[in-house]
Amino acid sequence: MDEAGGTTSQIQSGRRSLTSGHRHRVRGDWSETWRGVPASELLELRELESELYDRARIDARWRQGEEFLIPGAELFPTVTLPDDKFHDHCGVFAVYGHPEAAKLTYLGLYGLQHRGQESAGIAASDGDQILTHKAMGHVAEVFTEEILRDLHGHAAIGHTRYSTAGDTDLKNAQPLTVSCQKGQVALAHNGNLVNAGSIRKELESRGDIFQTTSDTEVILHFFARSKHGGIPESIADALDKVSGAYSLVMLFKDSVYAIRDPRGFRPLNLGRLNGAWMVASETCAFDLIGATYEREIEPGEMVILDPRGVTSLRYTPPAPPSRCIFEHVYFSRPDSLVFGRSVQESREMLGRLLAREHPVPADWVVPVPDSGVAAAIGYAAESGVPLRFGLIRNHYVGRTFIEPSQAIRDFGVRLKLNPVRQLLNGKRVVLVDDSIIRGTTSRKIVGIVREAGAREVHLRVSCPPTVSPCYYGIDTPTRKELIAANHSVEDIRQYIGADSLGYLSLEALQEAVGGPGRGYCLACYTANYPTTVQEPLIALRNRE
Ligand code: SF4
């Protein structure tokens, strides 16, 4: 028995089962079959299964009406839809000075839903006490009219979460609300602390008890422990001990604080609505409620919203800015201003520069929806090759679905994307996407376009090869799983089955977002991290 409770023979028999090439009926429950097998083994089995599945698909035996099908498929009867993208950690929103603060926060969170779909929460203050409601699920599922009515008051903060540090669990949903000697406080965090592990250990050794497994809670512990009497001083004291990415909103009985880390990894913006103040990760949340965008909250700035109005403080010495460039490439909504720039304009420029660097004779430019649309518009405009929507996305597909009685795992991509055959048949197609992470989805999409009759398929990617994981609040695969970390561009082209493959250069990427020297983090393309990252975090991301 290994330490996780699985038996060695289970693992060995899984390998045998996968490599035997024998056909199996779909049966059983995957989690039951493999209960207790360590995650590292499961990953290996899953990769093996995926490879064998591809072989089986190429054989297309299921199409010949055979009873069934795919070697080892009984291991994975529930299909997780391929989602070969980075995921943002969270979105934060805050309101101060509006009688319906919680309702506005609820609407603001709708605008930030793309930044996190695992859980959502709102904390509201009526001046006497802070009430919090949070639950797993989308904003629309978490809140009802009744719940929002109970969250009364003139100030509120909200959060949508996609976990990168800490488990996927209600206890880690935010805002985190605590009572301490400085009164009640609620905190919502976008980003990831790179030294949370060691400082948490230190606090635990001193007797502190943690309620969550998220990195965010250490900020509250340091805040509560601070010897300073004032709130801004105590916050500054707490933040002095943490390192990494944090865009925070904090709610007290009669004030809201919005704070950005000194490098400004994640965005944070200030807005206004009829005399009330708003804070949001992205400006698209302001648009939804009719608020106006005032300005970006600067790296290293603490903005206090209270009965005196708006106060701005520098709570820490300046550091070289490291804004996340991937916010412009992929994370943020194109209708947002991020770091003071239009995301749509950045993405179109990425596409234009991509066309200059990687031209190819073609009939159509086809975006991979929805992520490649803006860059494809730019590519088409620059190249003169007409843009056509040759892949149609089904917007009503969740992350997983129950597999039908016959195992047809390819449904994953097909459920999401369907080719317009009449458009693609016999054509030379430039497919434009914003990134290749593992390569598995790109491979399937290229296959779909080919099966629809395309004569040539050229894949163009509007960022450089992604070679290193992120430690600053983005959910990324391990280095081992990042295809570009381990393979040349030519290897990747062969793997995905494209006629040609072109990535945007690092220089062009920087030019598209305002030019080099504008203070962007580029670490997922260069592996040059702007901060020290602690070993346990590296081990977690790079387990091999
Ligand atoms: S490593 Fe990449 S995803 Fe993470 S902050 Fe830097 S640019 Fe953004």
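Let me begin with helix H16, where the buried residues are Thr440, Thr441, Ser442, Arg443, Lys444, Ile445, Val446, Ile448 and Val449. Please keep in mind that what we are looking at is a predicted model. H16 covers residues 440–451, and over its 12 residues it spans 17 Å from the first C-alpha to the last, which is close to the 16 Å expected at 1.5 Å a residue. With 9 of those 12 residues buried, H16 is mostly covered, and after the helix comes Gly453, which has a positive phi near 105°.

Let me step back for a moment to the whole protein chain. It contains 21 helices and 27 strands, and of its 544 residues 47% count as buried. If we take the contacts between residues at least 6 apart in sequence, 74% of them join residues that are at least 24 apart.

Now I would like to turn to strand E4, residues 119–125, and to ask how many of its residues are buried. The count is 7 of the 7, so E4 is largely enclosed by the rest of the structure. If you follow the side chains along the strand, Ser119, Gly121, Ala123 and Ser125 point one way, while Ala120, Ile122 and Ala124 point the other way, and the residues in both groups are all buried.

Which strands does E4 pair with? One of its partners is strand E5, residues 130–136, which pairs with E4 in the antiparallel sense over 7 bridges, and there Gly121 has Lys134 as its bridge partner. These two strands form a hairpin with 4 residues between them, and in the turn Gly127 has a positive phi of about 100°. E4 also pairs with strand E6, residues 155–161, again antiparallel and over 7 bridges, with Ile157 in E6 as the bridge partner of Ala123.

For the parallel case, please look at the open sheet of 4 strands, whose order is E19-E23-E24-E26. Its edge strands are E19, residues 364–367, and E26, residues 500–503, each of which pairs on one side only, and from one strand to the next the twist averages 25°. E19 and strand E23, residues 428–433, are joined in the parallel sense by 4 bridges, and in this pairing Val365 stands opposite Val430. Across E24, residues 456–461, and E26 lies helix H18, residues 489–496, which runs at about 130° to E26.

Next, the ligand: what kinds of residue make up the shell around it, nonpolar, polar or charged? The shell divides into 11 nonpolar residues, with no polar and no charged ones. The residues around the ligand are Phe265, Cys324, Ile325, Phe326, Cys470, Tyr472, Ile474, Cys521, Leu522, Ala523 and Cys524.

I would like to finish with Val533, which is found in the loop between helix H20, residues 523–526, and helix H21, residues 535–542. Is Val533 buried or partly exposed? It has 18 C-beta neighbours inside 10 Å, whereas a buried residue needs 20 or more, and so Val533 counts as partly exposed. Although Val533 and Val194 are 339 residues apart in sequence, their C-alpha atoms are 5.5 Å apart in space.

Notes. Residues numbered from 1 in each chain as written. Predicted model: local features only at pLDDT ≥ 70, side-chain atom pairs only at ≥ 80, totals over all residues. Near = placed C-beta within 6 Å. Nonpolar A, V, L, I, M, F, W, Y, C, P; charged D, E, K, R; others polar. Pairing = 2+ DSSP bridges. Axes fitted to C-alpha atoms, helices over the stretch in contact; angles between N-to-C directions. Contact = placed C-beta atoms within 7 Å. Expected span 1.5 Å × (residues − 1).
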